[in-house]
Amino acid sequence: MFRQAIREAEPNSNGGNVFFDPKQYKERPGLVLNNGIVYTTWSSHCDFDPYTAFVIGYNQITLAQVRVIDLVPNGNEGSIWAAGAAPAVDASGNMYALTGNGTFETTLDANGFPNHSDFGNCFVKLSTANNSLQVTDYWTMFNTIAESSADQDLGSGGVVVLPDMIDSGGITRHLAVGGGKDGHLYIVNRDNMGKFNASSNANIYQDFPGATAGGLWATPAYFNRTLYVGGTGDHLKAFAFSNARLGTTATSSSSVTFSYPGTTPSVSANGTLNGIVWAEQVGTGGAAVLRAYDATNLATELYNSTQAPSSRDQFGTSNKFVTPTIANGKVYVGTTSGVGAFGLFSTPTPTPTPAPTPTPTPTATATPTPTPTPTPTPMTGAVMLSPLPGSTFSSSSVTFTWSAGSATAYFLFVGSSLHGADIYNSGQVTVLSKTVNNIPADGRTIYVTLGSKVNGTWTVNYYTYKASNPSATPTPTPTSTPTPTPTPTATPTPTATPTPTPTPTPTPTGAAVMLSPPPGSTFSSSTVTFTWSAGSASAYFLFVGSSLHGADIYNSGQVTVLSKTVNNIPVDGRTIYVTLGSKVNGNWIVNSYTYTAFK
């Protein structure tokens, strides 16, 4: 479909026409499907002029060309290279990309845009509204012309749209991050990217120079308030976000370095737990090496494909710009000649043949007095001991302490919303206390999630608190009324002590538990009726999702019934996650279950 040249009449091209000549271009970046349109972005063959910076969109059904924009319509070069990455897309359908060295007019129009609409060496925001493509915002560094002249452009890397973050002033920030050959990481505010300032980079949300040793020919990965970056000739590094700002000291790094072109990492996890960072490395002689790291500490390598004896896991020659892809419980990595697929071995456990038990000759014995069967101690999750649930914090630093319960592990989330962990995430721990710093001090509601691993299943309790608010007017402490001294009474004449009546052991009460389908079972169709016990709860909720605590398949909201029928559950054999919430004494207690979808 690219053999015929595409002709695009640009509104700002001084009346001229711009031609897309296929022989001058290659499609190094990835494809992106955005609201029914497949977008292609283009770079050149080895910088051979002439070329510019085309973005072309095709209807996903008919493949008819429906969108075109040239980001350098009145200049030259400035294409999109992106190290194999597709443009990033936000929830509104806006696309973000980095352009390479090329024409940029430092003379700006009244809106702060280059006066001939040439966006070489820029971080651009493309609107897809109104059936068109147009640049609605951009940013470029103060020395953009010098960087383009030195071939030290932004376009070598890809963009990541970051999740919403709350800054130290309580403002929700919408950010994106990218980097290129100059070794900087650039974080833009997607609501106001900053455009061009000829004096400095003060117009950008955050500029992090020296983030990578040799520039970035890759795309970072984001997971759990951490950015993972693999620059060329550098270690894979982790940088943490706090209050919507990226820390400039690596929290951990890999022991090995990654030669050109560095590495584009990807992350697998169970929700926010058990994160693994996967990275492909160009090894000795160009051999592809897959490496897996603990997401909480990149110094801990969990696996690499050179470890197994007899070259079992070696899978080919490395290719440039490879991103490990995680799907179906496996990791897929491309090479110059194929794809390596990595997963756990499935070794069946043999069923032993039982030895026959000889029938003993019975010996007559006296019938013993039966020993009463003790009532088993119920297995329980941890509960929060301090601060008192519902209380107000006294500062921005709070120590949370919880009971052990019957759990073998715990996690603590502190966030600005239910299930949130934007303020703090402990990961899986075995301690009974954690101190959390930098909690906002603006009087907002703080949501705390305490998870407990009991018999291999995570149960979760939710608590709410009020953040401290130093600016609030303090409530005066009332003057206490003295307590009168009681008049002593005569000592009563002792009477015979009655024989105490034993106190019965109370029946334990608490959260509802799932009755059917049996937890861990396989559904028989796409329609399932879930039934649970009442417990001592006053209300319930039921989530059905594709991930832990997820509700993308079904969300009951708060209900008082003991059963719900859910339709349209996928029938592809995937794991289905079910969350059953119970409101007990004003607190929500959550039990989580897994099932296998019908296939």
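This is a predicted model: local features need pLDDT of at least 70, side-chain atom pairs count only at pLDDT 80 or more; totals for chains, interfaces and linings use all residues.
Residues are numbered from 1 along each chain as its sequence is written, and local features need pLDDT of at least 70, with side-chain atom pairs counted only at pLDDT 80 or more, while totals for chains, interfaces and linings use all residues. Side-chain values use heavy atoms, and hydrogens and water are left out.

Strands (E, at least two residues) are DSSP runs numbered from the N terminus, as are helices (H or I, at least four residues). Two strands are taken to pair if DSSP finds at least two bridges between them. Strand S4 (residues 32-34) runs antiparallel to S5 and is joined to S5 by 3 bridges, with Leu33 opposite Val38. S4 and S5 form a hairpin with 2 residues between them. In the turn, Asn35 has a positive phi of about 55°. On strand S7 (residues 54-59), S5 has another antiparallel partner, paired over 5 bridges; here Asn59 is the bridge partner of Ile37.

Strand S5 (residues 37-41) is mostly covered, with 5 of its 5 residues buried, where buried means under 20% relative accessible area, exposed over 50%, and partly exposed in between (1.4 Å probe, protein chains only). In a regular strand the side chains alternate between the two faces of the sheet. In S5, Ile37, Tyr39 and Thr41 point one way, and Val38 and Thr40 point the other way.

An open antiparallel sheet of 4 strands has the order S25-S26-S27-S28. S25 and strand S28 (297-304) each have a single partner strand, so one side of each is left without a neighbour in the sheet. The twist from one strand to the next averages 30°, where axes are lines fitted to C-alpha atoms (for helices over the stretch in contact) and angles run from 0 to 180 degrees between N-to-C directions. Within this sheet, 7 bridges pair S26 with strand S27 (residues 288-294), and Glu280 stands opposite Leu290 in S27. Pro324 lies in the loop between S28 and S29 and is buried, with a relative accessible area of 2%. The C-alpha atoms of Pro324 and Arg291 are 9.8 Å from each other, although these residues are 33 apart along the chain.

S25 gives the most, with 4 residues. The lining has 14 nonpolar, 10 polar and 4 charged residues, where Ala, Val, Leu, Ile, Met, Phe, Trp, Tyr, Cys and Pro count as nonpolar, Asp, Glu, Lys and Arg as charged, and the others, Gly among them, as polar.

S44 also belongs to an open antiparallel sheet of 8 strands, in the order S35-S34-S37-S38-S45-S44-S41-S42.

A search of the whole structure finds 0 disulfides (pairs of cysteine sulfur atoms within 2.5 Å). Cys46 is exposed, with a relative accessible area of 57%, whereas Cys122 is buried, at 0%.
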